[in-house]
Amino acid sequence: MRRENERIVYRTDFDKYVLISNFERLGWTRSTDEDFDIYWASVHNVRGLFNPEVLSKRLRDGQVVNHFPNHYELTRKDLMARNIKRYRRERERQEQAEESLSSFASFAARKKGQSEPNLSMPQVDRVPPEWVPATYSLPNDYAIFVEEFRKSPNSTWIAKPTGKAQGRGIFLVSKLNQLKRWSNAPKEKNQQGQPLPFREPYIISRYISNPLLVGGKKFDMRLYVLVTSYRPLKVFLYRGGFCRFCVEQYSTDVAEIDNIFVHLTNVAIQKQAEDYNEQHGGKWAISDLMLFIESTRGRAASEKLASDMEQIIVHTLKAVQGIIVNDKHCFEMYGFDVLIDKDLRPWLLEVNASPSMTTTTEDDRLLKLRLINDVLNIAIQEKRGQLEGCDDDLILGDFACIFDEKPKVNLGTRSGEDPRSERNERSSSRGPRRSNSFSRTGYWR
Amino acid sequence: MIADYTHHYSLRVLSAEEAARGICEWEWLTDDVLRLDVAEHCANDVSYFPFDELVEALVLALSRDCEVGQLCESGLPQVPLVADAAGALAVQTSELREVRAGGQAMPPSGVVPFKGFSNYACPFAFLADRLETAYPIFRSFYCRHLCRLHTISDHPETLLSLCALFEQLVVSTAPRAAQHLQFVLDSSPLRYAFHWIVTGFVGSLPAEEVLQLWDRVLGFDSVALVPILAAAIVALRSKLILAARRPEEVQLVFSDISCVKAIPLLQSFLFAHELGADANWRTEHGSVLSAALAAKKAALVAPILEAKASIGEHDVGALSRLFRGEGPASTDTVEILLQPQGDCNA
């Protein structure tokens with residue numbers, strides 16, 4: 001990847017081993033100011049970088065940074081839920097319109113005695129069924145939430161602070177009065193120690209109380225997703241994702257509702273549990289999960305799950321495709337947190353802009369080292385336009401390109417061809433490059 | 001753990017349910033040994049740790065299962081520990097069924113656990129998520145095949161003859177590596193591969209590879225495939241072994257086989273000359289496996305494979321499915337293949 005005599009300068013806000021180790025191995029030099037080729041920034045500094053009022057900090061050509069300016073549209077829990085909800089509504093309306101158009105066209109064709117045209121959307125582009133649990137903002141949506149809560153009396157809800165990470169401040173709610181924890185909480189203080197006028201913003205979502213259990217324990221999945229461009233959308237998925245297990249057996253017992261070791265899968269939390277094991281750190285390879293599902297429920301089920309997971313990743317990104325500022329200097333590596341329920345349906349819990357680079361076990365360290373290596377490889381080459389139509393495993397490493405909206409070069413059509421069939425052909429070839437990267441028969445080894 | 005269990009099995013499986021129930025009712029001396037073993041191996045393993053409770057239940061249930069001693073086709077793995085009527089522990093050299101009259105075997109199955117014993121149950125945790133489903137499969141497979149891996153006797157295909165097969169295969173396919181280990185490093189290939197053979201590769205190969213290998217053991221109805229694979233791995237790494245100068249370096253060669261693909265390796269090791277020019281099995285001499293060498297190897301392996309010539313109709317269908325690589329055997333396939341052939345050793 002390094003051209004001869006090329007000196008790449010990096011800047012980083014994190015002194016994490018997996019980052020520094022990769023930079024040094026590549027022979028890059030470190031900088032602490034505006035003179036850099038690639039900047040692994042914190043979300044805080046990125047805000048300053050793209051601040052339109054500070055022109056001096058504008059990025060030059062060829063500089064690359066690891067966040068998009070308004071990534072929070074995706075990475076803030078409340079904005080993500082809102083954007084996806086809006087996207088689903090729009091797509092469903094669109095699909096309904098297309099279906100009625102298609103059925104009208106069939107009807108018309110049949111009347112004329114012609115064969116029915118094929119205007120149906122390829123299956124891959126259909127928006128999947130709901131994949132984010134119903135979410136409300138507090139305090140703004142409090143009234144609507146209460147109404148919804150009353151409609152389903154036996155439901156459990158989970159309240160999370162919008163601005164915090166690592167499971168801090170999360171609690172479960174099965175009775176309305178339990179919300180007092182939020183409403184009565186001491187008000188946040190600003191830097192001068194004066195209480196802010198607002199309570200800390202929270203979201204409250206329907207809790208998925210029937211998660212898929214392995215060995216009786218709840219887990220969620222951390223998937224690494226690399227986006228190098230939003231328009232056209234290009235998405236890479238890392239096959240080294242892992243499951244994060246709870247130490248304690250899962251229970252829907254009301255008495256255990258406050259037991260964070262049963263319900264919250266964040267590693268930061270499980271680490272404090274008495275039975276936390278440092279050998280494996282509660283982290284289980286997704287390939288093992290797929291083996292388990294294939295063995296207990298059949299290959300079709302595991303392949304469908306893999307495909308469903310890819311779908312929700314792609315559609316989540318499509319939901320914000322229109323509003324993210326598609327700055328050409330930017331790429332981003334997200335940490336998608338996905339939960340699977342008993343019916344093998346994936347649910348998106350949140351998207352992290354700065355997935356943790358801390359490592360807890362030997363395997364974890366190796367995984368993240370390779371992850372960063374692959375991210376740097378792909379990001380730099382993508383930004384230099386060196387990856388046109390490239391399928392080379394050597395470059396992609398453990399990533400697989402699961403969606404590429406860039407139109408392929410068309411070598412010209414034969415004249416006299418039915419324009420409609422040509423349109424169909426193009427629409428299917430314009431579609432995402434499907435590669436089932438979790439499928440065990442494919443990429444997941 | 002003991003959920004509603006409607007079964008259509010024969011009487012022999014009744015003791016499985018009783019054994020499972022027995023976990024709650026009685027404590028045996030060996031229970032703590034098994035629990036410790038699970039905590040040391042399964043609970044620390046990156047692939048098996050979610051299943052530690054199920055694995056513990058499986059081995060505890062097996063240890064309470066009185067029929068295991070009789071079902072083991074190659075006899076009891078070792079001399080049983082027996083407590084006489086007064087409760088004192090005594091070692092007897094008689095068969096388990098004679099012991100019954102006078103004393104109680106400890107544990108009831110007659111199989112004394114050893115370090116790493118719980119490894120046998122680990123792969124079964126992938127196949128079923130409940131004890132009731134997983135235990136019959138585990139028990140049958142253990143009694144038919146796995147027990148041989150730690151049985152020391154003159155029965156065919158028990159540990160001693162398996163190790164002998166391994167050594168003969170290594171000597172014929174990687175003689176220089178074997179000699180190098182023997183004379184230069186004062187060691188032997190068996191010293192490093194023994195662990196693989198006894199555990200059936202659990203903990204050394206990834207879970208999926210172990211399951212695929214055990215599928216073939218099921219299909220060939222022979223546990224000899226375990227030492228054969230071990231020999232194939234030694235032959236595969238013979239060049240690395242020859243390059244090793246110190247014991248630590250040899251240890252390194254054998255320590256990580258997680259990237260080995262068991263079935264392609266086995267197929268090319270066993271059937272290279274039949275598969276033709278595309279599947280050249282290169283010996284350390286760099287030449288294609290000669291017909292003579294192949295014949296020699298086949299001569300070692302053939303008696304085992306040919307003895308299983310009498311396979312029923314069910315088995316053929318199941319075998320072909322297994323060899324088409326259609327994933328781990330389903331519970332149905334396993335049940336069919338594990339029907340006892342002829343009388344049990346009763």
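Start by showing chain B against chain A: eight residue pairs are in polar contact there, both partners at pLDDT 80 or more (a polar contact is a pair of N or O atoms within 3.5 Å, one able to donate a hydrogen and the other to accept it, and residues adjacent in sequence count only if both atoms are side-chain atoms). This is a predicted model, where local features need pLDDT of at least 70, side-chain atom pairs count only at pLDDT 80 or more, and totals for chains, interfaces and linings use all residues. Residues are numbered from 1 along each chain as its sequence is written, chains are lettered from A and ligands numbered from 1 in the order written, and side-chain values use heavy atoms, without hydrogens or water.

Next, select K217(A) and D52(B). Their side chains form a salt bridge, 3.3 Å from N to O (the cut-off is a Lys or Arg side-chain nitrogen within 4 Å of an Asp or Glu carboxyl oxygen). The count between chain B and chain A is one salt bridge.

Now pick out F219(A), F245(A), W284(A), F292(A), Y48(B), F49(B), F51(B) and F126(B): ring pairs join them into a cluster. Rings of Phe, Tyr and Trp (its six-membered ring) pair if their centres lie within 6.5 Å; planes under 30 degrees apart are stacked, over 60 edge-to-face, and the rest tilted. Over all chains, that rule gives 35 aromatic pairs.

For a last stop, zoom in on F114(B) and Y120(B), an edge-to-face pair with 6.3 Å between centres and 80° between planes.
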